Amino acid sequence: MPDPLDRLAAEGLVRLQSGRARTTPRWQATMARAALGLQQSGAPWKDLRLPVVTAMIERFPDATDEEIADLVEAMVAVEEAELAPLWGGTAPR
């Protein structure tokens, strides 16, 4: 499998800006749908990984478990970096 971050960029889910990966509107919409679905189903989640996993499965329905895990690991790092300023410099896990 290619580098997960490269795959996310090729799919238009992240873009490189000033040497770091940033989320795109396409990813933000996918993540919003995942979070809404979790909320509507009453899922008791407080971990950023759950909506990321849900969104990755939506975007890559034919991916193997290993591929999903690699993509989630890469995207969680991007999301945590994006959200860290909102949480005082560190994102909770």
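1. In this predicted model, 32% of the 93 residues in the chain are buried. A residue counts as buried when its relative accessible area is under 20%.

2. The overall dimensions may be considered next. A compact globule of 93 residues would have a radius of gyration near 12 Å, and the value of 13 Å for the chain agrees with this. Along the principal axes, the C-alpha atoms fill a box of roughly 35 × 35 × 20 Å.

3. The secondary structure consists of four helices and two strands. Their order along the sequence is α-β-β-α-α-α.

4. Helix α3, which spans residues 49-59, illustrates how burial is arranged on a helix. Its buried residues are P51, V52, A55 and M56. These residues lie on the same side of α3 because they cover an arc of only 135° around the axis. In general, an α-helix has 3.6 residues a turn, so residues three or four places apart point the same way.

5. Among the contacts in the chain with a separation of 6 or more, 53% are between residues 24 or more positions apart.

6. The chain exposes about 5700 Å², of which carbon and sulfur atoms supply 54%.

How values were computed
Residues numbered from 1 in each chain as written. Predicted model: local features only at pLDDT ≥ 70, side-chain atom pairs only at ≥ 80, totals over all residues. Heavy atoms only, no water. Buried < 20%, exposed > 50% of the residue type's maximum accessible area, 1.4 Å probe, protein only. Arc of directions from axis to C-beta. Rg over C-alpha atoms; globule rule 2.2 N^0.38 Å. Contact = heavy atoms within 4.5 Å. Areas by Shrake-Rupley, 256 points an atom, 1.4 Å probe, with all protein chains shown as cover.
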